[in-house]
Amino acid sequence: MRYLTIALSKGRLTEMSVELFEAIGIDCSELKSSTRKLILCDEKNKIKFFLAKPADVPTYVEYGTADIGIVGKDTILEEGRNLYEVLDLGFAACKMALAGPAELQGKIDELTIRRVGTKYPNIARNYFEKTRRESVEIIKLNGSVELAPLVGLSEVIVDLVESGRTLKENGLVVLDNIADISARMVVNRVSMKMENERIQKIIDGVRRQLLLRR
Amino acid sequence: MSKWKIYTPDGVQDILFDECYAKKEMEGRIRKTFRSYGFYEIETPTIEFFDVFSTDIESFPQEGMVKFFDQKGRILVLRPDITVPVARITATKNRDVQLPIKYSYIGNVFRFNEVGGGRQNEFTQVGVELLGDSSCESDAEIIAVAINTLKAAGLENFQIDIGQVGFFNGLAEEAGLSEKDIAGISKLIDRKDYVGVEEIVDRYSMPDELRELILKLPGLFGSLDVIEKLKKITKNKKSLAAIENIEEVINILRDYGLTKYISIDLGMLKGPDYDTGIIFRGFTYGVGFPILSGGRYDSLTSTFGKDCPAIGFSIGINMLMMALGKTLLSKDRPGVDSLICYKKNSRKSAIEIAETLRKQDMNIETMMLGEGIEKGLEYARSKQIGGVILIEADGRILVHDLENDIVSETSIEAILNSK
């Protein structure tokens, strides 16, 4: 039997993904041990795992080097890969939002926004082109995006908002919701067809687990 | 100025000896398969007007095409596919030709793709197009040609998924979805994004049965019995016609004895936007992308001024070669049978022998030597040529059999009659 390969996002999604897979009877003990091996196996079920940077997970899955991936919707939207997005795992939930100084609240339809700071240039560009039908200047940042409007680098930002506390403490507010974000299970388009039975079993198992936890 | 001199542009490649040989050999087998079904090969220009590919039916995004200008300032593109030019030909040069017309092609196409996993910016497409026949028979024949082409290319484990865009269109009409939502939801269904599909469906009030069916669409794939089940629960005419179309196509493919390669995916929607009826994709192990895609595109030729039903498929040869991998290269290697070495004073008889053997369908190289035969043997070994023939001035001929390490003497007559 061929190995099925699962790509997990390194970071806050790892632990929750591992826990879900263990609950459906996949052996992740190698993954939990602090080994330096990059690829880990469950020999009984013929499943291989590897941890990758979240932004790379959709790439591995699109190219078929991983059959299944666990990754945040934010990354899926930003990377724009051609994948099957089969399950909403529900965890790591937050929102992708347009945010800016409090005085802009309620005025966003009259605003002409010129500069947008974000870690997600593609999501921001899509939002402004398709939803707002505006041409804007996108400034790619790598962290502390909230800083941009405070120091005058941009008028608004597009960023993940979890509790909204960071925004609030810096005098910023959510101006518009762009998308609901949570962890998703993605599957390569060819694998879904060629290994349908095994992959469907994993999807169904995880779906049952999610229902139990609701 | 010469900064890029030693590089090739992104997404293009040199295809060298063994690989090139295997590719041409495979194209030969594919061409033979096409001919065996009565498809005739055509060539279309590598360069076309941009307008050809930017019709109302937006089949190719402009940012994906390689563009430049002619002397009159008109926009040209390197063709991103050959299906659209075939539609152009059918509606113009061939508008009065007796239908159906059966085209085949083997040619390079150009797209700004993200490179990798078998995708290139320049790649060879092979395919057939059947114009002027809208029957289930032609749907099935094209799928049969597709399957037999993959088999002829040497692929054994593959699967052809069949869908029908009419099924979804019927449901969308019945539910009264807006045009914008139809575009949105069909992308979501194609991604098997259940969450997204539900979000859109929830905005509409519709009968529970219909709602359930649309929500199920992303998962409506798998073995052929999907069709049987759907036939019972489908209400609207358009969707039912789509189901009956697939059913009949499968019946015909059963007569071809090819159903083992077939499965169903009614959630397969986002192909080229010119898809109108049955659509299909081919998958295999070892490649993350479809290696084959095809379908019905009945409205494409009308954008060129003539209504004509049409169906066809194309295969990405580079992708197929990746799927075949090492098996392909080990099967086919270019080879030279013998190397004929001579000195200046034995040149005439050496050339005569070489030419005679070539006419007997052997592959022969010749080499003039100075002192000794070592240089010839070394070259032959490096190119894996099995035999080296040394022609001496006195008419003596020495044959070095490199495989068995034997040297024997023979005569001109013996060599010329050996085959």
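Mentor: Gladly, and let us begin with a term: a residue is buried if 20 or more other C-beta atoms lie within 10 Å of its own, exposed if 12 or fewer, and partly exposed in between, with C-beta atoms placed from the backbone. This is a predicted model, where local features need pLDDT of at least 70, side-chain atom pairs count only at pLDDT 80 or more, and totals for chains, interfaces and linings use all residues. Residues are numbered from 1 along each chain as its sequence is written, while chains are lettered from A and ligands numbered from 1 in the order in which they are written.

Now to the part you asked about. Two residues are in contact if their C-beta atoms, placed from the backbone, lie within 7 Å. The contact takes 13 residues from chain A and 15 from chain B. On the chain A side, strand S5 (84–88) and helix H8 (189–194) are the elements that give two or more residues; helices (H or I, at least four residues) and strands (E, at least two) are DSSP runs numbered from the N terminus. S5(A) provides the largest share, 4 residues.

A:Ala92 sits in the loop between S5 and strand S6 (94–101) of chain A. A:Ala92 has a positive phi of about 55° although it is not a glycine, and it counts as buried because it has 20 C-beta neighbours inside 10 Å. B:Asp405 counts as exposed because it has 7 C-beta neighbours inside 10 Å.
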